[in-house]
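Biologist: I am new to this structure and would like a close look at one part of it, the place where the two chains meet. Please take me through that part step by step.

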Number of protein chains: 2
Amino acid sequence: MTSDQSPSAEPGDRDSAWDIGGRTLPPPAGASEQLRESIATTPTPDPAVAPMLPSDAVALSAIVVQADSMTIEMVRSLREQLPVTVTRDVIEGVEVHRVVPAETDPRHDDHLFVYVHGGAFVLNGGEASLVEPILIAHRTGMQVLSIDYRMPPSWPAPTGTDDVMAVYRSVLRERSGHSVALGGTSGGGNMCMVTVQHAIRDGVDVPGALYLGTPGADMTETGDSVFINEGIDRTLVSYSHYVNAVRVYAGDLDLRDPLISPIYGDFGEFPPTFLLTGTRDILLSATARTHIKIREAGSVADLLVYEGIAHADYAREMASPESHHAYSELNQFLLTHLS
Amino acid sequence: MTSDQSPSAEPGDRDSAWDIGGRTLPPPAGASEQLRESIATTPTPDPAVAPMLPSDAVALSAIVVQADSMTIEMVRSLREQLPVTVTRDVIEGVEVHRVVPAETDPRHDDHLFVYVHGGAFVLNGGEASLVEPILIAHRTGMQVLSIDYRMPPSWPAPTGTDDVMAVYRSVLRERSGHSVALGGTSGGGNMCMVTVQHAIRDGVDVPGALYLGTPGADMTETGDSVFINEGIDRTLVSYSHYVNAVRVYAGDLDLRDPLISPIYGDFGEFPPTFLLTGTRDILLSATARTHIKIREAGSVADLLVYEGIAHADYAREMASPESHHAYSELNQFLLTHLS
C-alpha cells in the first residue's frame, strides 16, 4: 500500500501463488436488467485466443485501422442520436476535437472538460476518440476539448503525454486550473495521471477535478484483478492481449517507470478525483489502488464500483442505468469541485 | 441497479452463465508487504471442504463454541496489548459491552459508537464480539457500546435486530442521533442496515454516521463476487459454507426479505455511510451495490476497496498498513459527520 514492493517481489512470490479452480459465473442478478441481458448474450470471454494487438508495427497498424473503423461507426451513430457539435482544431501543433452540446448547462458556462482518450495507447485516434467525449458533453452539458495525441508505432512515450501537457498548458493560458476538468478512461486515465504528476512537478496549476475511468495506472502485470478477472472482463479479456501494445508505447522505458505506470509516481497535491470501475474489470485493482493512493496523500477521491461492469462498460453499454448513473455522479462531482 | 430483478431472473439466467477456467493468483504485489506476506503463507482456500457451519442446532452450537474460543483468545491477547477498559452491562434486557479507550480523543467526547458484531449471525457472541470494538475504541479514541444480541439457534431473526433496535432507541433517550455512529462488519453490517431501515420506517432519528464493513447486504446467492471470489477469499472461502447459518437465522423468512437481505429494502434518508471491502472479498459486490444504492437515494456514501483484502481482513490482519489506513479513514469520516 504505502510502500511499493521491491521489483523482485512478484516473481519470488510465484512460488506461493494459489491455483484457483474453474467456476460458473451467472449474469449479474444485482445489475440492471439491461446490463444483465447484454452480458447474458455475450459469449464467454476467451483469454486463450491470440492477443488482439501484435507488436509488429505494420500488423499493429492494420489491426488498429480495422478496430477504429468499427468505433468510428459507433461515433457516427452517436452523433446522429445526440445533439452535439464537433469541430477539429489544432492547439500547439496537437490535433484536438471540440465537442459542444446543443444545450449547455449554465452551471458549466465557465468550465471546460479536457478529455484524453483511451485505447491501450494505440487505438481510438482521430474520429474514433469521440465516444466518451460526446457522452460527457451531452450528459453534463459541458464543453469538451478532446486531445488527439500522437501514438505508437510512430510516436512512443512520452510523445502522447507531452502532447496532452502542451494542450493543457495552452488551456491554462486562457482560464484557471480550477475551471478545468481533466479526465479519460483506461489508457486515457493513465495519461491524465501522468499529466497531473508533471503539472505538480513543474509547478503548473492542477485541474479543478480529475476523472479517472478504470485507469491503466499500472502497466506491469500487477493487481489482483489482472488475474482474478481474466476471462471475466468482456472488454479486455486478458492483460496479455494488450501487453504488446503497452511495450510498443513504452519504447525504451521500463513498464514500472511512472511515465508508463503512474501508480509508482507521486500522488501529493492531486486534485479531487472521481474514479469508476466494476466487479468484472481487469483494472479494478488499478482503480482501487489509485483511489487509496490519492486519499493517502490527503486529497479527495471518490470511487464507484458497479456490479457486473467490465472495463469501460459504462461508456460502451451507454443506455444502461449504470452508465447514466456513472455520468450523473461524474457531473455532480464536477459541479462540486470546479469553480 | 435501480430495479430489482424478478425472483426468477437468476435461475433463468443460469443457461447463459459463463464457465470460467482455472487460474494462478500470486500474492498481491500491490498490497503492503505485511499483507502480501500473510497471504503468501496462507494455504489456498478450498471451497470443496465441508461447510463450516451446519444447520443442525446441536452440531452448530458445538462448532460455534469451538470457533468462538479461538476468537476469545485473540480478544484476550488484544486486551493485553491495547489499553482499553471493557465492562459488561444490560440495556433494555440486552447484554452489551462498554469499551472505553485509555485515551479518549476530546473531539469524540460527545460521541458514541454503537457496534453490532458479525459472524454469520451465529458466531462471535459474548467476549468473542470484542475484536473490532477494541480496535475501533483504541484507534479512534471513541467510546464503543457493543451489542451482544441474541442469536440462533435459540433466537432466529428478527430477535437480533430487535435487540439492536431496543439498545439504539435507549441510547437515543440520552443523546441525539447526530452524536451516534452505528456500525459493524459482515453480519453486523447487515443488521445495522436493517436497524437504519427500521429507524426510518418508525420515525426514529438515524445515526449521524453509519459504518458498513463488507456488509452481508444480500444473503441470497447474488453478486458477482460470490462467484468470482469463491476460493479466493481466505476468510469466507465460499458462500456455501455459510448458507446453513443464514437459513437458521432467517427461520421462516425468505432470504430476499429485507429483514434478512436489506439490499432489497429502502435506502431513502440513509445517514452518511462509510463502506470497506477488498479485491478478494466474497462480499465485494454486496458492499459496492450497497454503496451505489445509498448514493442513488441521495445520501453521502464513501467506499474503500483495498488490494488483496479478503472479507474482514482489515479487522483480522490488524497490524497491516491497510488495517491502520482503513480505521484512520473511518475515524476521519466519523469526525466529519458526527456532531
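Modeller: Before anything else, please keep in mind that this is a predicted model. The contact draws 65 residues from chain A and 65 residues from chain B, and the area buried between the two chains is about 5,800 Å², with carbon and sulfur atoms giving 59% of that area. The size of an interface is often given in this way, as the accessible area lost when the parts come together.

Turning to the individual links across the contact, there are 6 salt bridges between chain A and chain B. One of them joins the side chains of Glu329(A) and Arg295(B), with 2.6 Å from N to O. Side chains of opposite charge can pair when their charged atoms come close.

Which elements of chain A each supply at least two residues to the side that touches chain B? They are helix H1 (9-13), strand E1 (18-20), strand E2 (23-25), helix H2 (33-40), helix H7 (224-228), helix H9 (284-296), strand E10 (301-306) and helix H11 (321-337). Of these, H9(A) gives the most, with 8 residues. Sorted by kind, the residues on this side of chain A divide into 27 nonpolar, 20 polar and 18 charged.

How the two chains are arranged can be described by a superposition: a rotation of 180°, with 0.0 Å of shift along its axis, places chain A on chain B with an RMSD of 0.0 Å. The two copies are therefore related as by a two-fold rotation axis. In chain A, the C-alpha nearest that axis belongs to Gly22(A), which is 2.1 Å from it. Furthermore, 100% of the interface residues of chain A are also interface residues in chain B, so the copies meet through the same surface.

Helix H9 of chain A, which gives the most residues to the side facing chain B, also takes part in a link inside its own chain. Over all chains the structure holds 30 salt bridges, and one of them brings together the side chains of Asp218(A) and Arg289(A), at 2.9 Å from N to O. Asp218(A) lies in the loop between strand E8 (209-213) and H7 of chain A, whereas Arg289(A) lies in helix H9, so this pair ties together parts that are 71 residues apart in sequence.

The peptide bond from Pro152(A) to Pro153(A) is cis, with omega near 0°, and Pro153(A) sits in the loop between strand E6 (144-147) and helix H5 (159-172) of chain A. In chain B, the peptide bond from Pro152(B) to Pro153(B) is cis, with omega near 5°. Glu92(A), although not a glycine, has a positive phi of about 55°, and its place is in the loop between strand E3 (84-91) and strand E4 (94-101) of chain A.

How values were computed. Residues numbered from 1 in each chain as written. Chains lettered and ligands numbered in written order. Predicted model: local features only at pLDDT ≥ 70, side-chain atom pairs only at ≥ 80, totals over all residues. Heavy atoms only, no water. Contact = heavy atoms within 4.5 Å. Buried area = accessible area lost by both parts, 1.4 Å probe. Salt bridge = Lys/Arg side-chain N within 4 Å of Asp/Glu carboxyl O. Helix = DSSP H or I, 4+ residues; strand = E, 2+ residues; numbered from the N terminus. Nonpolar A, V, L, I, M, F, W, Y, C, P; charged D, E, K, R; others polar. Least-squares fit on C-alpha atoms with pLDDT ≥ 70 in both.
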